[in-house]
Every structure is written in structure tokens, then in C-alpha cells.
Amino acid sequence: MATAFLSTANTFIYSSLSSSASPSSSLLTSPSLLFPHKLNAKRQLAICKAFAESSTNLTKRSLSISFITSFGFLFSAKDWSAANAAILEADDDVELLEKVKKDRKKRIEKQGVISSSNKETGYLQDLVYKLSKVAQAIDNNDLSTASSVLGGSSNTEWVKNANIAFTKLSSSPEEKTQVDTFNSSLVSLISSVTRNDVESSKLAFVASANAFQKWSALTGLVGQLKGL
């Protein structure tokens, strides 16, 4: 290593002198440049050794820095992943809390509407009473009594009043869907009773009663209507 370094140094010095057309006086008079073989050999070896140790230390230091950087990157990636998961979990908690607040607000508003709708609640209580009477009549195969209770048409006063209550107290798409199901089933029930078809009357009655019960549960009226 030392020999190669000295040879390279000598070559560089001689090539510098020969390539210069008019070398400066300082270069010509410098004994260390003109006669490199007169340099102290121990000094040159010391320089070579220092250079070699410096290169080795630099290599070790580079590897150490590279390892530490890589380890730090992996550690930071884990920390980032954990932090990101915590942020997402916090976002979920915030969204859930907001949903709970909105649902609670809707329930409070719904209860306010129900409390101020005594007349509409009375219409619905009449509906429950009539459905109960129709159920008893159909169960006894007494379709003439069922027909007299129903009124023979979906345009009767009690059906119109029930729909007034439905319209006022229905706010969500689900509630409105149940209202539509109830009305269509009621039409089928009236038609089946008029035709004196017991089986079809039973099926239609079950469909209309189920739709009304689901609507009552969605609106929060289950506990306020007797007979459900």
C-alpha cells in the first residue's frame, strides 16, 4: 500500500513538471519536488498509514451511520404506523360520537313532535282499535263483520285520518316505506274481505299489521299506543 502510494505521488510530481512549458522558479528550486526520493521515508510511511486508517475509519463510520439510519427508519415506520392507527381510531370515535349526538337530537325532536300531536296520536289509536276488531273477525271467519269495520274502501274517514298522522310523524325514508307497505296491504285486505276470501284476508292482515308495528317502532310510538 505504501509503495503504491509513493509511486503514484512520484508519477504525479514528474508529470506536473514535464507538462509545464515554463515552470515557476519556486517549483524549480524546491528540493522536495525536484528530488522526491530525498524525502524522509518514515514520514511518507506515516502519511500512508494515516491515510489507510482514515479510509478504514471512514468505511466503518459510513456503515455505522447507514445501519443506524436504516434502524431509525424502521423504528420511525413502526411509530408512524402506530400513530396513524391511533389517528384513525380517534377519527372513528369522533364519527361515532357525532352519530350518537345526531341520533339523540333526532329522538328529542321526534318526541317533541309526538307530544304536540295528540290529535294524530288519537287517529293512530283508532287504527289500532279497528285492526284489533278486524283480526278477531277474520280469526272467527266472520268476514262480514270485518268488512263493516274496514268500511269497504280505502277512502273511509279513519283511513284518511291515519294517513294524516303518518304524514306528520314520518320523517325517515324507512318510516315512509313502512307507510306505503301498510297502505298497499290494507287495500289488499279490504279487497280480500270483500271477495270473502279468508286465506287472502289473513295474509293481507298480517302484512298490514307488521308494517304498522314496524312503523310504530321506528317513530317511537310503540309505548304510546295501546294494543300493540
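What follows is a short chat about a predicted model of a protein.

Q: What about contacts by sequence separation?
A: Taking contacts between residues at least 6 apart in sequence, 66% join residues at least 24 apart.

Q: Where is the largest nonpolar core, in terms of residues with the most contacts?
A: That core has 32 residues, and the ones with the most contacts inside it are Leu124, Leu127, Phe166, Leu189 and Phe212.

Q: Which helices supply it?
A: At least two residues each come from H5, H6 (143-150), H7 (157-169), H8 (173-194) and H9 (198-219). H5 gives the largest share, seven residues.

Q: What does Phe212 touch?
A: Leaving out residues up to four places away in sequence, Phe212 touches Leu124, Leu127, Val128, Leu131, Phe166, Phe182, Leu225 and Leu228.

Q: Back to H5. Which of its residues are buried?
A: The buried ones are Glu120, Thr121, Leu124, Leu127, Val128, Lys130, Leu131, Val134, Ala137 and Ile138.

Q: How does the span of H5 agree with its 22 residues?
A: H5 covers residues 118-139, and at 1.5 Å a residue it should span 32 Å.

Q: What happens just after H5?
A: Asparagine 141 takes a positive phi there, about 60°.

Q: Changing topic: where does Ser185 lie?
A: Serine 185 is in helix H8.

Q: Buried or exposed? Why does serine 185 count that way?
A: Serine 185 counts as buried because its relative accessibility is 9%, and the cut-off for buried is under 20%.

Q: What lies 2.8 Å from a polar atom of its side chain?
A: The backbone oxygen of threonine 181 lies at that distance from a polar side-chain atom of serine 185.

Q: And which residues does serine 185 touch, not counting those up to four places away?
A: Serine 185 touches Ala204, Ala207 and Ser208.

Note on methods. Residues are numbered from 1 along each chain as its sequence is written. This is a predicted model: local features need pLDDT of at least 70, side-chain atom pairs count only at pLDDT 80 or more; totals for chains, interfaces and linings use all residues. Side-chain values use heavy atoms; hydrogens and water are left out. Helices (H or I, at least four residues) and strands (E, at least two) are DSSP runs, numbered from the N terminus. The expected span of a helix is 1.5 Å times one less than its number of residues. Buried means under 20% relative accessible area, exposed over 50%, partly exposed in between (1.4 Å probe, protein chains only). A nonpolar core is a set of buried Ala, Val, Leu, Ile, Met, Phe, Trp, Tyr and Cys residues joined through side-chain atoms within 4.5 Å. Contact means heavy atoms within 4.5 Å. A polar contact is a pair of N or O atoms within 3.5 Å; within protein, one must be able to donate a hydrogen and the other to accept it, and residues adjacent in sequence count only if both atoms are side-chain atoms.
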